[in-house]
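These are my notebook entries on one structure. I looked up its domains, its sheet and the surroundings of its ligand.

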Amino acid sequence: MSAALLFWIPAALRLIFLLLGAAVFGFFFGLVSGLIAALVLLISQLGVQLSYLYQLNAWLDEPNSAKLPDGWGAWTDVFSRLYRTRRMDEKNQTELTEWLARFRQAMHLLPDGVVIMDDVLFLEWCNPAAEKHLGLTLERDEGMRVTNLVRSPDFMDYIILGRYEQPLTLSFKDRKLIVQIIPFESRRQILVTHDATDSDRIDMMRRDFIANASHELRTPLTVINGFLEIALGQGKLEPQTRTAHLKLMAEQGQRMQNLVEDMLTLSRLESIDYPMRSEHVKVQVLLESILREANALSGGRHTVTLEIDGPNIKGSMEELRSAFGNLVSNAVRYTNDGGCIRIGWRMAASGPQFFVQDTGIGILPENIVRLTERFYRVDKSRSRETQGTGLGLAIVKHVLLRHGATLSIESAPNSGSTFTVQFSSGSVCEPDALPTAK
Ligand SMILES: Nc1ncnc2c1ncn2[C@@H]1O[C@H](COP(=O)(O)OP(=O)(O)OP(=O)(O)O)[C@@H](O)[C@H]1O
Ligand SMILES: [Mg+2]
């Protein structure tokens, strides 16, 4: 049944009943009384309608679904439909507000900058990342022209050329930004900014690493190839020369192997897929084996001592062996014959400490800051003599990073160096807290 019929039929029926009532009244009490009764009933009907009209009017001033009257007659249907529409509106509005809040939060968390501008580049809105990248402040700069705020000739050229399908790489306030304008709606544009400073630095480090690694590998390979060419070209060699050549080739082969092993260790330590296996490290066992290695490397040329006065720690035995071993082998290799090396483990106020003190060649202050860089060696020729790859301290740095420990270096040329590894108090291991490292 149509809505019109649903409205008119009950209304007509109500009117008919009303008139019938008045007619019955007139039949019993006379025509005049019947007419008066009909008039009174019609006026009361009119009063009811006007009263609901008034209530509807008042409700429209403050349309809250909870305050909607129930109604009577046709008004019941009107009010219930209004109630449904109002509830739907309220639901939509809540959903919309929630979406807006979620959108705002997402925009706040976005690492990329988003700037909304009108068709003539006046700033309408931007997120915190855009404020950081472009040095904007939304409150202060809203309504200003973006080209007046981002003062860069490259950015101006980009706007003038209008080739927005290509992003622009922009050097802006010590940062490297990738920016792109995306037109949207008919009179709005979005400026998206991405901070590429870190990825650029990582790319450069990667390029340097590959260049250094190839350079380091090229030297021993050249030596080996040279000797092989001599052997092939001259046919039979003197047994003495042959032995000397083979010895040098073996040394260079060993050097390449050390280099590749160190590079693999470094890449493994850097990999997030290689989590640290934490175990109970018995420091005494570890340091005694490192002392034996140091004495073997020194071959009696140095006095190496060990003192232990500290607790056991949580960590990876294998990684700590590699880090401590590197520091101790450096002390042996960079200390002249007759020098002393002190290896120690103690409990300091801020936590356990490992230290290696030598009376070696020492390091200049300007070189100390660069020691943990990959392939950095103060004296390349000396390091090469001792088969150094320059990756040792880079490995130490990564191992310590994984253990939440820090490295400090004190050194003075010709009087020796002290390398100290500081662990946090939290790394102390209670007996039986973890399985013991083998
Ligand atoms: N105890 C030390 N005394 C003096 N110089 C040191 C000492 N330890 C390190 N160095 C300097 O720091 C440089 C970097 O050390 P690192 O351990 O990273 O490389 P390496 O010893 O040359 O090679 P690797 O350890 O990879 O075999 C060394 O080449 C050396 O010049
Ligand atoms: Mg080393």
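I took strands as DSSP runs of E of at least two residues and helices as DSSP runs of H or I of at least four residues, both numbered from the N terminus; two strands pair if DSSP finds at least two bridges between them. The model is predicted, so local features need pLDDT of at least 70 and side-chain atom pairs count only at pLDDT 80 or more, while totals for chains, interfaces and linings use all residues. Residues are numbered from 1 along each chain as its sequence is written, and chains are lettered from A and ligands numbered from 1 in the order in which they are written.

Entry on the sheet. I looked up the partner of Val115 and found Leu191 in β5 across the bridge. Strands β1 (113-118) and β5 (188-195) run antiparallel and share six bridges. They belong to an open, antiparallel sheet of five strands, ordered β2-β1-β5-β4-β3. I noted β2 (123-126) and β3 (168-172) as the edge strands, each pairing on one side only.

Entry on the domains. I read four domains from the assignment, which is automatic or from a database: domain 1 (3-103), domain 2 (110-195), domain 3 (207-270) and domain 4 (279-427). The centres of domain 2 and domain 3, over C-alpha atoms, lie 53 Å apart.

Entry on ligand 1. I found 23 residues around ligand 1, with Asn330, Arg377, Val378, Gly388 and Gly392 coming nearest; a residue counts as near if its C-beta atom, placed from the backbone, lies within 6 Å. Helices α11 (317-333) and α14 (392-402) each give two or more residues to this shell, and α11 gives the most, three.
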